[in-house]
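Reader: I am new to protein structures. Please pick a single part, look at it closely, and then lead me from there to what lies around it.

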Amino acid sequence: MLRSSQPLTGPNRKRCREDELLLQMVLDKGEQGFIIDTRSAQAAKQARMTGGGTEPKSSYPQWRQLHQPLERGRSLQESFIKLVEACNNTLTNMDRWLSRLESCRWLSHVKAALSTACLAAQCMDREEASVLVHGVEGTDTTLLVTALAQVILDPSCRTLTGFQGLLEREWIQAGHPFHLRCARSASSHARLKQEAPLFLLFLDCVWQLSHQFPFSLEFSERLLLTLFDNAYASAYGIFLCNNEKERCLCKVKESTHSLWAWLNQPGEKRKYLNPLYSPNAVVIWPSVEPQSIQLWQGLFFRWIRSSQHLDEAWGEIQRLAE
């Protein structure tokens, strides 16, 4: 699996021989690869007017293009805000609340992300083909798809240590702009142009996997909640800045503590383990049917519904599993 930003073909359909050679070297003679573009075909075409674009078929004959449009900007942020507002409204009746839940379209975004990740995973697992994933900059929906595909395909990414490595590799080192995307919470009245809960969408999709495969992930929901909290407000440096260059210039590693070091302390680590975990070496294929995609109540209802009884139940399961 490869990931990149969009090719800069521009309106004149410029070619990049080095890029063509690089992708040609990935495939043996007679093999076919797949390019999954997380934009619609129309959006990719329009991007040429501002210098971007997509791979011309004539220059990449061994690669088949698939367009899987995923929202990444203001519409995704607005969906998140509407969902939080709906979940915080405890006075409305059930029919009206369900209508608001549907209109915010958050679960549609979850379904689209999982569907695209499954497509990438199927190309690799069933077609035994190489896959290149890209969107615009390659630091938003691109990372969402590649990270989810690895959780689906690779059992090591479903362990606590492997999942931390996945986040470090696919989100932090790959340059997801956390400072811009997570500048304010959904409860803030400020509306910044570059905000978008892409990382939250990833965590929600991982929660969907844990919900559908409760024995296959070594870590629990508590880890996902902790990661969400730290992405928006953290005492650690892991989600600061927008990329590795900024973190180096700000000397983040020298000036802050590591979230991973804290999580991996023996006393802390135990809190984030799934007591039901049983190593599963096979691919996990999630269902994306409407009845299978659930609202992540542990996150979106956490401020209005006590989790005491659930925490006590998990504690008892943990005790019995030891």
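Author: Start with two sulfurs. The sulfur of Cys-241 lies 4.1 Å from the closest cysteine sulfur, that of Cys-250, and this is too far for a bond. A disulfide here is a pair of cysteine sulfur atoms within 2.5 Å.

Two notes on reading the numbers. The model is predicted, with local features needing pLDDT of at least 70 and side-chain atom pairs counting only at pLDDT 80 or more, while totals for chains, interfaces and linings use all residues. Residues are numbered from 1 along each chain as its sequence is written, and side-chain values use heavy atoms, with hydrogens and water left out.

Back to Cys-241. Its relative accessible area is 13%, so Cys-241 counts as buried. Buried means under 20% relative accessible area, exposed means over 50%, and partly exposed is in between, with a 1.4 Å probe and protein chains only. Cys-241 sits in the loop between helix H10 (221-232) and helix H11 (244-249). Helices (H or I, at least four residues) and strands (E, at least two) are DSSP runs, numbered from the N terminus. The phi of Cys-241 is near 70°, a positive value in a residue other than glycine.

What about the disulfide count? The structure holds 0 disulfides. Cys-205 is in none, and its nearest cysteine sulfur, in Cys-118, is 9.6 Å away. Cys-205 has a relative accessible area of 0%, which means it is buried.

Buried residues of H5 include Trp-106, His-109, Val-110, Cys-118 and Cys-123.

At 42% relative accessibility, Arg-105 counts as partly exposed.

Now to the core. A nonpolar core is a set of buried Ala, Val, Leu, Ile, Met, Phe, Trp, Tyr and Cys residues joined through side-chain atoms within 4.5 Å. The largest one has 77 residues, and Trp-106 is among those with the most contacts inside it, along with Phe-163, Trp-171, Phe-199, Phe-202 and Leu-227. Helix H9 (residues 198-212) gives the most to this core, with 10 residues. Another core, of 6 residues, lies apart, with Leu-23, Leu-27, Tyr-60 and Trp-63 among them. In soluble globular proteins, nonpolar side chains tend to be buried together.

What does Trp-106 touch? Neighbours within four places in sequence aside, its contacts include Leu-76, Phe-80, Leu-201, Asp-204 and Phe-300. Contact means heavy atoms within 4.5 Å.

Next, the sheet. It is open, has 4 strands in the order E1-E4-E2-E3, and the pairing is parallel. Two strands pair if DSSP finds at least two bridges between them. Strand E1 (2-4) and strand E3 (63-67) are at the edges with a single partner each, so one side of each has no neighbour in the sheet. Neighbouring strands are turned by 20° against each other on average, direction ignored. H5 packs on this sheet, touching strand E2 (33-37), E3 and E4, and its direction makes about 170° with that of E2. Such axes are lines fitted to C-alpha atoms, for helices over the stretch in contact, and angles run from 0 to 180 degrees between N-to-C directions.

Look at strand E4 (residues 131-134). It pairs with E1 over 3 bridges, and Ser-4 stands opposite His-134. On the other pairing, 4 bridges join E2 to E4, with Ile-35 opposite Leu-132. Val-131 and Val-133 point one way from E4, Leu-132 and His-134 point the other way, and all are buried.

Last stop: Thr-38, in the loop between E2 and helix H2 (41-46). Its relative accessible area is 2%, so Thr-38 is buried.
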